[in-house]
Amino acid sequence: MGYRLLTTVILVVHFGFLAYLLLGGFVAWRWRWTIWPHLAAAGWGMTVVVGKVVCPLTYAEHWSRRQAGEAGAATTQGFIDRYVEGVIYPEQLTALAQLLLALTVVASWAGFLRPLLRPSPERPPRRRS
């Protein structure tokens, strides 16, 4: 029972990470300090997609499944392959889904930066000498 619970916890953490990857830039609109963890999450997400790196959470999930007496998924089948592709969107739309995710992240960053790049109405812009 313990390893099955651990597997469930790992899956929840993995889904949570993906949700944060998608929406964390918008969270930073309210809590500005969260942009730094979101930049790290986005960097890791890009590394996994571009570098074809297997996430440590995927290894942990496979290990905990084996400890629970279940068959661990094939090492070539990652979390997204198993739980997202074909479930949330068709497998043939993976490139489009990745592009939409990237555009969502970039849009969230643009919204985060917008107030920083325009002068606020309370203080006039600085004049250059």
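Buried means under 20% relative accessible area, exposed means over 50%, and partly exposed lies in between, with a 1.4 Å probe and protein chains only.

**Figure 1. Overview of the protein chain.** Of its 129 residues, 25% count as buried. This is a predicted model, in which local features need pLDDT of at least 70, side-chain atom pairs count only at pLDDT 80 or more, and totals for chains, interfaces and linings use all residues. Residues are numbered from 1 along each chain as its sequence is written, and side-chain values use heavy atoms, with hydrogens and water left out. The secondary structure comes to five helices and zero strands. From the N terminus on, the elements run α-α-α-α-α. Helices (H or I, at least four residues) and strands (E, at least two) are DSSP runs, numbered from the N terminus. Contact means heavy atoms within 4.5 Å. Among contacts with a separation of 6 or more, 59% join residues 24 or more positions apart.

Figure 2. The largest pocket has a volume of about 1,200 Å³. A pocket is found on a 1 Å grid over the protein atoms alone: it is an open set of points where a 1.4 Å probe fits, with protein on both sides within 12 Å along at least five of seven lines. Grid points are joined across faces, edges and corners, and the volume is the space filled by probe spheres set on the points. Lining residues have an atom within 4 Å of a point. There are 37 of them here, and Leu18, Val48, Val49, Ile80 and Gln98 lie nearest the pocket centre. Helices H1 (2-30), H2 (35-51), H4 (79-83) and H5 (94-117) each supply at least two lining residues. H5 gives the most, with nine. By class, the lining has 26 nonpolar, eight polar and three charged residues. Ala, Val, Leu, Ile, Met, Phe, Trp, Tyr, Cys and Pro count as nonpolar, Asp, Glu, Lys and Arg as charged, and the others, Gly among them, as polar.

Figure 3. H2 has 17 residues. From first C-alpha to last, H2 reaches 23 Å, close to the 24 Å expected at 1.5 Å a residue. The expected span is 1.5 Å times one less than the number of residues. The buried residues of H2 are Ile35, His38, Ala41, Ala42 and Gly45. Seen down the axis of H2, they fall within an arc of 115°, so they line one face of the helix. The arc is that of the directions from the helix axis to the C-beta atoms. These buried residues pack against H1 and H5.

**Figure 4. Lys52, after helix H2.** Lys52 follows H2 and sits in the loop between H2 and H3. Its phi is near 55°, a positive value in a residue other than glycine. Most residues other than glycine have a negative phi. At 71% relative accessibility, Lys52 counts as exposed.

Figure 5. H3 covers residues 56-67. Its 12 residues should span 16 Å at 1.5 Å a residue, and its end C-alpha atoms are 16 Å apart, which agrees. Thr58, Glu61, His62, Ser64 and Arg65 are the buried residues of H3. Seen down the axis of H3, they fall within an arc of 165°, so they line one face of the helix. What covers them includes H1 and H4. Just after H3, Gly69 takes a positive phi of about 90°.

**Figure 6. His14 and its contacts.** His14 lies in helix H1. At 5% relative accessibility, His14 counts as buried. Not counting residues up to four places away in sequence, His14 touches Cys55, Leu57, Thr58 and Phe79. Of these, Thr58 is also one of the buried residues of H3.

**Figure 7. Thr34, between helices H1 and H2.** Thr34 is found in the loop between H1 and H2. This residue is buried, with a relative accessible area of 7%. Leaving aside neighbours within four places in sequence, Thr34 is in contact with Tyr20, Gly24, Val27 and Ala28.

**Figure 8. Thr94 in helix H5.** Thr94 has its place in H5. At 15% relative accessibility, Thr94 counts as buried. Leaving aside neighbours within four places in sequence, Thr94 is in contact with Glu85 and Tyr89. Thr94 and Val84 are 10 residues apart in sequence and 9.6 Å apart in space, C-alpha to C-alpha.
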